[in-house]
Amino acid sequence: MTDKNMNVLDHLEELRKRILIVFTAFLLIFISIFVFIRDIYSWFTRGLDMPLAVLGPLDIVVIYFSLAAVIAFALTVPVVVFQIWLFVKPALTAKEKKVTALYIPASFLLFIGGLAFGYFVVMPLVLNFLLELGTGTFEIMLTADKYFQFVLRMTVPFSILFEMPLVVMFLTSVGMMTPMAMKKNRKYAYFAIVVVSVVISPPDFISDVLVIIPLILLYEISINLSAIIYRRRLKREQLKERQEIVK
């Protein structure tokens, strides 16, 4: 067997190891959460003025499992990011290892921040608006399945989209993105944000606006962060060139 084939097998073995660690972490977190799932369910439904209905006995199990799985996935995110970093670490320089290590806690904080923003800010506003819209016209009855689908639609997309500044910083640091390009393509980015916001939010104008505004702010923050990283990268490159000239 050639050295190249051995290298590929080593990478596959390392990848299998990282995936196994992530799966084990997810499973342990899932089991730990499921032990307290009734209390967690009560916490998520504490602000509702009506009980949630189920359409069959199996729905109870499905809802408990789904809720535990989503929470376990959120808590496994830092493990996933850390394992990805360990997988690519051998190919990084000492400076790149130091820089990329800072992205691990930042990615988790942004992920949790997105979930919190969606759950505590956007979701109550949208839910109250929609319920008031049907008051006096419909007999409102929420099923647990539909309610938690709504919760996920109002939270998970934000947790992913809140990673935008971190992704932009990373791409700028490796030379794949510049703040000038982001400014030049701002109108196209805004259009994409509007399209994404309309897709992930309920079909009403208020919900769309509540999603669009923070995403546009995130894009503008990303431009400023990209500019900082870009200036630092230019300084490093210029310093390196001067050192090479001196040599």
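Q: Which residues does Thr143 touch, not counting residues up to four places away in sequence?

A: This is a predicted model. Thr143 touches Leu52, Ala53 and Leu55, once residues up to four places away in sequence are left out. Thr143 itself lies in the loop between H5 and helix H6 (144–161).

Q: Is Thr143 buried or exposed?

A: Buried means under 20% relative accessible area. Thr143 has a relative accessible area of 14%, and it is therefore buried.

Q: How is the packing of two helices described?

A: Two packed helices are described by the angle between their axes and by the distance between those axes. Here, helix H5 (residues 103–134) packs against helix H10 (residues 205–246) at an angle of about 160 degrees, and their axes are 9 Å apart. Angles over 145 degrees count as roughly antiparallel, so H5 and H10 are roughly antiparallel to each other. The crossing of H5 and H10 is right-handed.

Q: Which residues make the contact of H5 and H10?

A: H5 contributes Phe117, Val122, Leu125, Val126 and Phe129, while H10 contributes Ile206, Ser207, Leu210 and Pro214. By class, the residues of this contact of H5 with H10 are eight nonpolar, one polar and no charged.

Q: At what angle do H5 and helix H7 pack?

A: H5 and helix H7 (residues 164–173) pack at an angle of about 150 degrees, with their axes 10 Å apart. H5 is therefore roughly antiparallel to H7. On H5 the contact is made by Tyr103, Ala106, Ser107 and Leu110, and on H7 by Leu166, Met169, Phe170 and Ser173. The residues of the contact of H5 with H7 comprise six nonpolar, two polar and no charged.

Q: What is the relative accessible area of Ser107, and which residues does Ser107 touch, not counting residues up to four places away in sequence?

A: Ser107 lies in helix H5. Its relative accessible area is 6%, so Ser107 is buried. With residues up to four places away in sequence not counted, Ser107 touches Val81, Glu163 and Leu166.

Q: Why do residues three or four places apart in an α-helix point the same way?

A: An α-helix has 3.6 residues a turn, so residues with that spacing point the same way. In helix H2 (residues 37–44), the buried residues are Ile37, Tyr41 and Phe44. They cover an arc of only 65 degrees around the axis, and therefore lie on the same side of H2.

Q: Which exposed residues does the face of H2 turned away from its buried side carry?

A: That face of H2 carries the exposed residues Arg38 and Asp39.

Technical notes
Residues numbered from 1 in each chain as written. Predicted model: local features only at pLDDT ≥ 70, side-chain atom pairs only at ≥ 80, totals over all residues. Heavy atoms only, no water. Axes fitted to C-alpha atoms, helices over the stretch in contact; angles between N-to-C directions. Helix = DSSP H or I, 4+ residues; strand = E, 2+ residues; numbered from the N terminus. Parallel < 35°, antiparallel > 145°, perpendicular 65-115°, else oblique. Left-handed = near helix turned anticlockwise from the far one by under 90°. Contact = heavy atoms within 4.5 Å. Nonpolar A, V, L, I, M, F, W, Y, C, P; charged D, E, K, R; others polar. Buried < 20%, exposed > 50% of the residue type's maximum accessible area, 1.4 Å probe, protein only. Arc of directions from axis to C-beta.
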